[in-house]
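Here is a friendly note to read alongside the model. Take a moment to turn the structure around before you start on the points.

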Amino acid sequence: MSFQAVRAVFERPVIDALANLTTPVQCFVDNQAFTIPDAGGEYATVNLQWGATTTRVLRGNFENLRGSLVVECFCSKNAGPARAQEMITPVMTALNDLNSCVCDPATGAVGWVRDMTGPNFFALDDAPFYKVRLSVAISARFDS
Amino acid sequence: MKKLTQLVPDVREALQTALEETVVQVHRDLVDVGPWWSGQFATSWEVQPGKKAIPANIDLVSSDRTPEDKASAQIDVPDSPNLGGYTLGNRSRYRLYAMDVLGDPNGRGRQQGTAPNKTAERFWYDTYRNSQLANTVERTLVNVFRRYK
């Protein structure tokens with residue numbers, strides 16, 4: 001089992017999707033320090049949490065990685081939802097595309113996305129940003 | 001061996017029991033993994049029959065500077081006719097902050113689970129819904145139907 005390899009399966013498509021926008025957006029992952037940009041700036045965060053990671057069967061537990069991926073993108077407030085939708089749409093597409101991928105032979109990790117909740121949009125009270133949030137159920141397998 | 005005509009009422013009864021026990025178990029899980037400071041949020045979950053919007057209409061009352069001990073929270077499950085299922089939601093006005101969807105605009109509270117004195121893991125609700133809820137539903141269904149042999 002390698003949580004790091006599996007984590008990359010989900011984080012990499014999100015980072016790439018945001019980097020490939022006409023106006024790229026920098027994306028920060030868990031435990032990565034960053035300075036929130038001033039008003040008018042844009043950024044995104046990705047958080048991955050594991051939930052149940054094994055399933056009990058008659059003769060013990062077998063690995064069955066399941067977790068939650070939360071992607072939050074921030075853009076200018078009071079400018080309408082268009083930019084937020086531009087940011088989150090390729091992220092959703094990239095994550096959905098994981099379901100047709102095969103195991104990465106370099107790492108042995110393969111992941112799938114299940115239900116997506118969102119995107120939900122929020123004009124933040126405490127920051128000059130408009131936020132779009134996507135919550136995704138994920139599952140993964142690691143073939144050593 | 002039961003006749004087919006007897007099985008249908010049994011299945012309906014089992015399904016209704018399963019719906020009730022599932023919503024109770026999910027509520028128990030949410031209280032278990034969710035935040036507990038004064039206990040107000042954890043005791044503001046509500047079950048409604050069918051698909052309903054649960055209004056956020058309970059204001060935050062002032063609370064102690066330190067969290068109180070977590071206790072069990074009970075929930076009333078009303079009748080749900082015709083296997084209409086249930087909606088479980090939280091009525092506190094600050095539920096989006098408690099569920100880490102938003103950070104508190106005043107710089108207080110959980111700060112999306114990054115506050116050092118948080119009483120639940122970051123994104124606890126997303127993690128539960130995305131990775132544990134299905135297990136709870138499946139386990140409860142299996143347990144109920146085992147009793148209806």
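The points below go from confidence to chain B, then to the interface and a hairpin in chain A.

1. Please keep in mind that this is a predicted model, in which local features need pLDDT of at least 70 and side-chain atom pairs count only at pLDDT 80 or more, while totals for chains, interfaces and linings use all residues. Residues are numbered from 1 along each chain as its sequence is written, and chains are lettered from A and ligands numbered from 1 in the order in which they are written.

2. On confidence, the model has an ipTM of 0.87 and a pTM of 0.88. The average pLDDT of chain B (pLDDT is the predictor's confidence in each residue, from 0 to 100) is 88, and 93% of its residues score at least 70. Where pLDDT is low, the predicted coordinates should not be read in detail.

3. Chain B contains four helices and two strands, where helices (H or I, at least four residues) and strands (E, at least two) are DSSP runs numbered from the N terminus. Along the sequence they come in the pattern α-β-β-α-α-α. Its C-alpha atoms fill a box of roughly 65 × 25 × 25 Å along the principal axes.

4. How much of chain B is buried? Of its 149 residues, 27% are, a residue being buried if 20 or more other C-beta atoms lie within 10 Å of its own, exposed if 12 or fewer, and partly exposed in between, with C-beta atoms placed from the backbone. Among contacts in chain B with a separation of 6 or more, 77% join residues 24 or more positions apart; a contact means C-beta atoms, placed from the backbone, within 7 Å.

5. Thr66(B) counts as exposed because it has 7 other C-beta atoms within 10 Å. Trp37(B) is 29 residues from Thr66(B) in sequence, yet their C-alpha atoms are 7.3 Å apart.

6. Where the chains meet, 12 residues of chain B contact 15 residues of chain A. Helix H3 (residues 124-131) of chain B gives the most to chain B's side, with four residues.

7. Finally, look at chain A, where strand E3 (residues 54-57) and strand E4 (residues 60-63) pair in the antiparallel sense over four bridges; pairing requires at least two DSSP bridges. E3(A) and E4(A) form a hairpin with two residues between them. Arg56(A) has Asn61(A) as its bridge partner in E4(A).

Key:
Contact = placed C-beta atoms within 7 Å.
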